[in-house]
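Please view the sequence and the structure together before reading on.

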Amino acid sequence: MIATIVVTHHTLAEHLIATAEFIAGPNENLVGVGILQSDDVEVVRKRLVEMIKKYHKAGKKVLILTDMFGGTPSNISLALYEPDKVEIVSGVNLPILLKLAGGIKKSEKGLKEIAAEITEYGRKNIFTAAEFLDL
Amino acid sequence: MTTVLYRVDDRLIHGQIIASWVPYTRATRIVVADNQIPGNLLQSKILRMSAPPKIRVEILSVRQAVTFMAQQRSGPGLLTIMLFVGIEAVVQAVEAGLYLTELNLGNIHSAAGKLQIADSISLSRNEIISLRDLQKQDVKITIQPVPTAPARDVFNLLQSKGW
């Protein structure tokens, strides 16, 4: 079983999750952490560590999705990487969350494979109109 | 070499730096001056990775960073952003011979007993004293999270809080 934590700047996590749940239905294994300008990084880091501990105790692996490579949410999360226990993907988008909600038979795959699969899926789901509308 | 920004930021290289300050200043190098990070392999690696690909990143102790900046000064080329995790590191750098005329405060976060003077700036008594010492050495100190936000004078804000 995998739990997903979306870690972003400001309130993006909250709204991204609300939107994903609006489309795909509630998901108890999907939570968000938004980092505000006024937040102390160390406090956020400790909060994430506690969340991860809680999931691990419940027998769940943790997939962290961050909004932008190089940003604080990503920088904090990368330091929490643990092979096969905590994996981090940066550049989260709505297709990725929807894919996680429905499209992966999670029990059959390892954390690393799932992370690789959604990374590829997120990339593939960015389109420019000219790519397919220009004849 | 020209230093385009001296900044105190406890998040070091992060969104505001890579998305705002680097394009605004056209910086091509970031020097992180900190006494802990050079000894922490994981943190150093994450910091290096978080910078845009064309930016050179130097992660040095405060003392090494000051020497590095002095050596580079005479040479041509890179526009540099110098980052400090806290005010204490700036004081150490100035004691070690760093010369600066302007200091940007970006993110200094709250802890018990600190006075919050802006969204992302909370100062301890010692930090306020250090800032006053820097001011006496003609360093202009402003709070400005991103280039498009106004630069606010730190002492005006302190005054409004009764300091």
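Two strands pair if DSSP finds at least two bridges between them. Helices (H or I, at least four residues) and strands (E, at least two) are DSSP runs, numbered from the N terminus. The model is a predicted one, in which local features need pLDDT of at least 70 and side-chain atom pairs count only at pLDDT 80 or more, while totals for chains, interfaces and linings use all residues. Residues are numbered from 1 along each chain as its sequence is written, and chains are lettered from A and ligands numbered from 1 in the order in which they are written.

**Chain A**

In chain A, four strands form an open sheet in the order β2-β1-β3-β4, with parallel pairing. Its edge strands, each pairing on one side only, are β2 (30-35) and β4 (86-90) of chain A. On average, neighbouring strands of this sheet are turned by 20 degrees against each other, direction ignored; axes are lines fitted to C-alpha atoms, for helices over the stretch in contact, and angles run from 0 to 180 degrees between N-to-C directions. Strand β3 (residues 61-66) of chain A is joined to β4(A) by five bridges in the parallel sense, and A:T66 stands opposite A:S90 in β4(A).

Helix α2 (residues 41-57) of chain A lies across β1 (2-9), β2, β3 and β4 of that chain, and runs at about 170 degrees to β2(A). Two residues are in contact if their C-beta atoms, placed from the backbone, lie within 7 Å.

**Contact between the chains**

Twelve residues of chain A are in contact with 16 residues of chain B. On the side of chain A that touches chain B, helix α3 (residues 72-78) of chain A gives the most, with three residues. That side of chain A comprises four nonpolar residues, seven polar and one charged. Here Ala, Val, Leu, Ile, Met, Phe, Trp, Tyr, Cys and Pro count as nonpolar, Asp, Glu, Lys and Arg as charged, and the others, Gly among them, as polar.

**The sheet of chain B**

Chain B holds an open sheet of seven strands in the order β3-β2-β4-β1-β5-β8-β9, with mixed pairing. Because β3 (56-60) and β9 of chain B stand at the edges with a single partner strand each, one side of each is left without a neighbour in the sheet. Strands of a sheet pair through backbone hydrogen bonds, either parallel or antiparallel. The table lists several pairings in this chain.

| Strands | Sense | Bridges |
|---|---|---|
| β1(B) and β4(B) | parallel | six bridges |
| β2(B) and β4(B) | parallel | five bridges |
| β5(B) and β8(B) | parallel | four bridges |
| β8(B) and β9(B) | antiparallel | two bridges |

Across these pairings, B:Y6 stands opposite B:M82 in β4(B), and B:V32 stands opposite B:L83 in β4(B). A residue is buried if 20 or more other C-beta atoms lie within 10 Å of its own, exposed if 12 or fewer, and partly exposed in between, with C-beta atoms placed from the backbone. Five of the six residues of β4(B) are buried, so this strand is largely enclosed by the rest of the structure.

In a regular strand the side chains alternate between the two faces of the sheet. Strand β8 (residues 140-143) of chain B has B:I141 and B:I143 on a covered face and B:K140 and B:T142 on an uncovered one. B:T142 in β8(B) stands opposite B:N104, while B:I143 stands opposite B:R152 in β9(B).

**Helix α4 of chain B**

Within helix α4 (residues 87-95) of chain B, the residues B:I87, B:A89, B:V90, B:V91 and B:A93 are buried. Their cover includes β1 (2-9), β2 (29-33), α3 (62-73), β4 (79-84), β5 (102-107) and α5 (125-136) of chain B.

The axes of α3(B) and α4(B) come within 9 Å and cross at roughly 50 degrees. That angle makes α3(B) oblique to α4(B), given that angles under 35 degrees count as roughly parallel, over 145 as roughly antiparallel, 65 to 115 as roughly perpendicular and the rest as oblique. The contact is made by B:V62, B:A65 and B:V66 of α3(B) with B:A89, B:Q92 and B:A93 of α4(B). Its residues divide into five nonpolar, one polar and no charged.

**Positive phi values in chain B**

Just after α4(B), B:G97 takes a positive phi of about 110 degrees. B:R26, in the loop between α1 (15-25) and β2 of chain B, has a positive phi of about 60 degrees although it is not a glycine. With 8 other C-beta atoms within 10 Å, B:R26 is exposed. B:D138, in the loop between α5 and β8 of chain B, is likewise not a glycine and has a positive phi of about 65 degrees. B:D138 counts as exposed, with 9 C-beta neighbours inside 10 Å.
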